[in-house]
Each structure stands twice: as C-alpha cells, then as structure tokens.
Amino acid sequence: MSEVAVPFRARPHHRWARTAALALAVVAAWAGGAVPGRADAAVPPERTQRVEYFPGPGAEPRQVTVPADAPAAGTAGRAPGPAPSGPAVRRFQRTGPVSGRLDLVVMGDGYTADEQGEFAADAEEKLDAIFRIEPYRSYRGLFNIWLVGAVSPESGVSGDPTADVVRRSALGSSFFCDGIERLLCVDTGAVTRYAALAPDADIVFVVAHSAKYGGAGYSAPDLPPGSPFHGVATMSSGNDRSYLIGAHELGHSIGGLADEYQYPGYGAYPWAEEPAAANLTLHRDPAEAKWARWAGVQDPTGSVVGTYEGGGYYETGIHRPTDTSLMRTLASTEFNVVGREAMIAGFYADADALTSPVPTAEPVRAARPLTVRLAPLTGLADLRLTWSVDGRPVPWAAGLRSVTPRALGVRGHGHRVTAAVTDRTAALRDPAVRARAADSLTWTVR
Ligand SMILES: [Zn+2]
C-alpha cells in the first residue's frame, strides 16, 4: 500500500454554472425519452439524467429520470463546496500498468477527516464482497483499485434518515433523490473532479457513509459528455447488501449487459431488430438465441439456460437466458453464464493479461531478455503463454516468462519475436469472444 498526497486545487463556484451547462447537453443527447418506446413516456424536463435505483435489498431495480443539476434533493439551490482539506489517493490494489488494466476508483462521501480510516475499511468490505462474485473473483487481477479519500465537512449524507435532513458532503450524496427514498444520487461533476485525482479511472464507486439501504447507477450515456469513465455506482456503506448495486452496475458498464427485469404494463418489446446486448434476444427457440452455445447448461443462478420471456423492461416478445440473475434482481448474487461471458469479454476489451517492461516500439538486441508479465488471474481463467519467431511457434519456450531472441534461435537482423497469451477459460464459448481474449507483444530484433 502506498499513500500519495495529491494537492487539492480549490475550485471557484462558477464551476457549478459549467456543470449545469454540461447537464443541459446531456438532455440534448437523449431527447427521445426516459425509456425509449414507453407508451406513456413524456418528453423529459430539462436538466435531467437517467439513473437506475434499487428499491430494497433483494428487489428488482428500476430506471428513473432525475434532475441532473440538483443531485441532492434536500440541498437544492446550495452548491456543495470543495473539500476543506486535501484528499489522499491510496493504491489499494495494483496488478499492472494503468494502460493494461481496468482502473476502479472508490471514493467515500460523508466521511470527515477523522473518519477516513472508516472509509477505507468500508471500501475494502464492499470490494471484497463484489470480488467474491464470478467472474470478478477470477479476473480480479485485471483490475487496479484506487481509493480517493474525499473529505466531507459533516459526517453522513443528506436524506438520512429522513428527506428533510441536509448534510454538507464532498460529493453531494443524497437519499430521497427526486423524492425516491432509496435513490442515492450524487453530484457527477464533483465525482468527475475527484476521480481525476487517481492515476486513471475507468469505473467509479461512491460509498456513502450511511446505514440506510440505497444506491444508484449512472451508465456512460447518462454521464456528462466527455466523462473519462464508463460508469458510476453509488452504494451505502452500512448495508451488507448494497455491494450488489456495484456488482450489477459493472454488468452494464463493463459487460454491456442489459437489464433482465421487466415492468408490469410495459407489454411487448416494440422493435424488430435483435438487441445489441449479449443477454437479450427476440428468439423464443434457444437454438436460435445468441447464447445457443449455452442452451441446456445448468447455470450458477439455479436455472437451465434457455429463453425466458421478459427483459429489457418489456414483458413479452423478448427473452433472457435464465429465470433469474444479478441483472434481473439483487436477490440473486450471480451472473448467469451468458453474463459471465460478456463480463470477461468486457474485461479484455479494457485490460490486457500480457504486459512487458521491455518496450516494443524500439528494436531489441538478440541478447536482450524479453520479460513478460501475466496478470494474476485465478479460478475460471486459464492463461497460456506461447512464443514465436516470424510467426513460427517455438513450442519448447511455452510458458517462459523471460527469454532472449538468441535463445529462441534468432540469427541476424529484422526478425520478429512474439509473445502471445490466450485465455482457454471454459467460461467463453463464443469464438469471436475467445479470439478477443488474447493478447500479444511483438519485438523486432536489431
Ligand atoms: Zn441495471
């Protein structure tokens, strides 16, 4: 663990006017309505943002539209100020270079300067719980995790326990967001500024200092334009089920997974095109589903993989792979195998299992040891490292973490040495995904 003090730059309050302008731009970007195709959808009011909320432990999530520039319902009209003292950025887990890893930033809200130790303990508890779920567990080695100790002037967050409670906090967290008790909104502009203090931020978790159950998920299309990360999930610190909010939200932001739940009264899925998400299909016949390779498999969620009607908020004409899953209800603590496959594909889209301290941009001498590092993956993952020269495999070198071009038989100049890693995990069945779960580095010998 290393602690890096980052100087905090005070932000003048006119920054908030800019945040409001960004929020307006968000509205312009999705003027089609809160949920496309919803029969009774009205044109959303200006300055709104779509978030997902979680009515209770074990309940099905819901999508709602809330005001974007007033995240703290109880603090409308009063802009939260910058933190009074410099936040510390702590490396919680570093498994590789930021360029080759998914960088997860966890920040606390409603923790005073004296409560930063409590924040670190709460963050660790949430992370440990999330990373007990597959495929997070096996692929934890593709993550770097950073803790940003946002210091709040008051302990706790707004709306806890009742809507009229107002507290000043670094990130403006508030229950009763838009009048919904369990909806824990946050000032996404403040989150963006704090996230910038970490070396990199692909995903952000906000842990709000509260025992009240709640959370929210902001997916990439709902974040201010130019946001450097894929998604933000908020969750309360003191509730032992709130970690599932983070686990579910990463399903959207990393796996591109759709919600598998439906709303009473939504009726039939209104589009003729197959949905893009890996876990929804128009087809009723499992053999025609995009997850046909998994059809009939006994799934970790408890059902046999097939086609189950309802999903993506609609009741009919659309199908999900299993009866239940973490993408349908937080009563389930597992992704189904289709979700797992999409998550692993998402991990590899943003992270590399193979890295090397030897740059590939410059030619190397034949006597130079080419050292590679494999991400520390476990469980489901099955990494295989191979070497080749000018495209011809060198079988005896398979698995070597360091070897010189000369030892591989390179004589003369201009030859190319390649280290390649593939993941033979049984959790991937789609050949296209398997092909993407591979990475290579090539050096030219001078
Ligand atoms: Zn969701």
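The legends below accompany close-up views of a predicted model.

Residues are numbered from 1 along each chain as its sequence is written, and side-chain values use heavy atoms, with hydrogens and water left out. Because this is a predicted model, local features need pLDDT of at least 70 and side-chain atom pairs count only at pLDDT 80 or more, whereas totals for chains, interfaces and linings use all residues.

**View 1. Overall setting of the close-ups.** The protein has six helices and 19 strands, where helices (H or I, at least four residues) and strands (E, at least two) are DSSP runs, numbered from the N terminus. Of its 446 residues, 53% count as buried; buried means under 20% relative accessible area, exposed over 50%, and partly exposed in between, with a 1.4 Å probe and protein chains only. Taking contact as heavy atoms within 4.5 Å, 69% of the contacts between residues at least 6 apart in sequence join residues at least 24 apart.

View 2. The zinc ion is coordinated at 1.9 to 2.2 Å by Glu52 (OE), Glu52 (OE), His248 (NE2), His252 (NE2) and Asp259 (OD). Donors are N, O and S atoms within 2.8 Å of the metal (3.2 Å for Na, K and Ca), and since water is not among the atoms, sites may look incomplete. Along the chain, the donors follow the spacing E-x195-H-x3-H-x6-D. Distant parts of the chain are linked here, with Glu52 in strand β2 (residues 48–53) and His248 in helix α4, 196 residues apart. Both Glu52 and His248 are buried.

View 3. Helix α4 is mostly covered, with 11 of its 11 residues buried. The buried residues include the zinc donors His248 and His252, as well as Tyr243, Leu244 and Glu249. Packing against the buried residues of α4 are β2, α2 (116–130), β7 (203–208), β8 (215–219), β9 (231–236) and α5.

**View 4. Helix α5, largely enclosed.** Of the 14 residues of α5, 12 are buried, so this helix is largely enclosed by the rest of the structure. Among the buried residues are Val337, Arg340, Glu341, Phe347 and Tyr348, and the elements that the buried residues pack against are β5 (102–109), β6 (143–148), α4 (243–253), β15 (383–389), β18 (416–423) and α6 (431–436). At 1.5 Å a residue, α5 (residues 337–350) should span 20 Å, and its end C-alpha atoms are 20 Å apart, which agrees; the expected span is 1.5 Å times one less than the number of residues.

View 5. A search of the whole structure finds 17 aromatic pairs, in which rings of Phe, Tyr and Trp (its six-membered ring) have centres within 6.5 Å, with planes under 30 degrees apart counted as stacked, over 60 as edge-to-face and the rest as tilted. One of these pairs, Phe131 with Tyr136, is edge-to-face, at 6.0 Å centre to centre and 75 degrees between the planes. Phe131 is buried at 5% relative accessibility, and Tyr136 is buried at 0%. Another edge-to-face pair is formed by Tyr269 and Tyr314, at 5.6 Å centre to centre and 90 degrees between the planes. Tyr269 lies in the loop between α4 and β10 (308–311) and Tyr314 in strand β11 (residues 314–320), so this pair ties together parts that are 45 residues apart in sequence. Ring pairs also link Phe131, Tyr136, Tyr139, Phe143, Phe335, Phe347 and Tyr348 into a cluster.

View 6. A search of the whole structure finds one disulfide, defined as a pair of cysteine sulfur atoms within 2.5 Å. The disulfide joins Cys177 to Cys185, with an S to S distance of 2.1 Å, and with -80 degrees about the S-S bond the link is left-handed. Both Cys177 and Cys185 are buried. Ser173, in the loop between β6 and α3 (188–195), is buried with a relative accessible area of 1%. Not counting residues up to four places away in sequence, Ser173 touches Cys185 and also, among others, Asp109, Leu184 and Val206.

**View 7. Ala426 in an exposed position.** Ala426 is placed in the loop between β18 and α6 and counts as exposed at 62% relative accessibility. Ala426 touches Trp294 and Leu380, not counting residues up to four places away in sequence. Ala426 and Asp382 are 44 residues apart in sequence, yet 8.3 Å apart in space, C-alpha to C-alpha.
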